[in-house]
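Student: Hey, can we go through this one together? I'd like to start with the charged side chains.

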Amino acid sequence: MTADEKKRAKSRADEREGAPVSSRAPAWLLAAAWLVPGLGHWILGRRTRALVFGAVVLCAFITGVLLSGELGTPKPQNPFSWLSTFACLGNGALYLVRIIWVNGVGEIFRAFPFGVAGGGSPSAAGFAYGNTFLYTGGLMNLLAVLDTSDIARGVKE
């Protein structure tokens with residue numbers, strides 16, 4: 001690291017120390033970041049991060065669907081199904097669109113929360129991999145929401 005780079009790094013650190021740190025990020029910003037992967041970073045002006053997070057989540061979701069993965073939905077006989085539901089809900093609007101696509105609007109209102117199908121085919125060769133991609137995409141988006149919160153509060157550059 002050259003002397004100039006050290007000076008610039010020190011001045012950035014000094015600016016961060018002087019910047020006010022908010023205790024909470026705006027709820028609308030976090031909701032937008034969850035609903036549309038990458039939107040929170042886009043709103044904050046972090047365009048590259050927004051595109052990367054959005055692309056990663058979208059690619060993981062599409063790959064999971066193409067591999068016949070099943071979106072997590074709550075099942076009364078399996079309490080751990082709530083964990084997969086939480087992971088998949090992290091995909092935001094992608095989750096909602098897929099659930100409506102598989103079930104139709106009328107069925108969702110009739111059968112919610114138990115009895116809603118998550119799509120997928122357990123007999124497909126890529127079923128388990130598809131599930132993993134769907135869970136990973138959702139959890140990655142939830143991490144992006146936390147990152148958006150840190151940036152909005154001034155905790156992270």
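Student: So what do the side chains of Arg49 and Asp147 do?

Tutor: They meet in a salt bridge, 2.9 Å from N to O. A salt bridge here is a side-chain nitrogen of Lys or Arg within 4 Å of a carboxyl oxygen of Asp or Glu. Keep in mind that this is a predicted model, where local features need pLDDT of at least 70 and side-chain atom pairs count only at pLDDT 80 or more, while totals for chains, interfaces and linings use all residues. Residues are numbered from 1 along each chain as its sequence is written, and side-chain values use heavy atoms, with hydrogens and water left out.

Student: Is Asp147 buried or exposed?

Tutor: Asp147 counts as buried because its relative accessibility is 7%. Buried means under 20% relative accessible area, exposed means over 50%, and partly exposed is in between (1.4 Å probe, protein chains only). Arg49, at 30%, is partly exposed.

Student: Which residues are linked in a network of salt bridges?

Tutor: Arg49, Asp147 and Lys156. Asp147 and Lys156 meet at 2.4 Å, N to O, and Lys156 is partly exposed at 35%.

Student: How many salt bridges does the whole structure have?

Tutor: A search finds four. One of them joins Arg153 and Asp150 at 2.7 Å, N to O. Both of those residues lie in helix α8, three residues apart, about one turn of the helix.

Student: New topic: how many helices and strands are there?

Tutor: Eight helices and zero strands. As for the 157 residues, 33% count as buried.

Student: And what about Ser68, what's its phi?

Tutor: Ser68 has a positive phi of about 65°, although it isn't a glycine. Most residues other than glycine have a negative phi.

Student: Where does Ser68 lie?

Tutor: In the loop between α4 (47–66) and α5 (81–89). Ser68 counts as partly exposed, at 23% relative accessibility.

Student: Last one: how far apart are the C-alpha atoms of Leu30 and Gly40?

Tutor: They're separated by 6.7 Å, with the two residues 10 apart along the chain. Leu30 lies in helix α2 and is partly exposed at 25%.

Methods:
Helix = DSSP H or I, 4+ residues; strand = E, 2+ residues; numbered from the N terminus.
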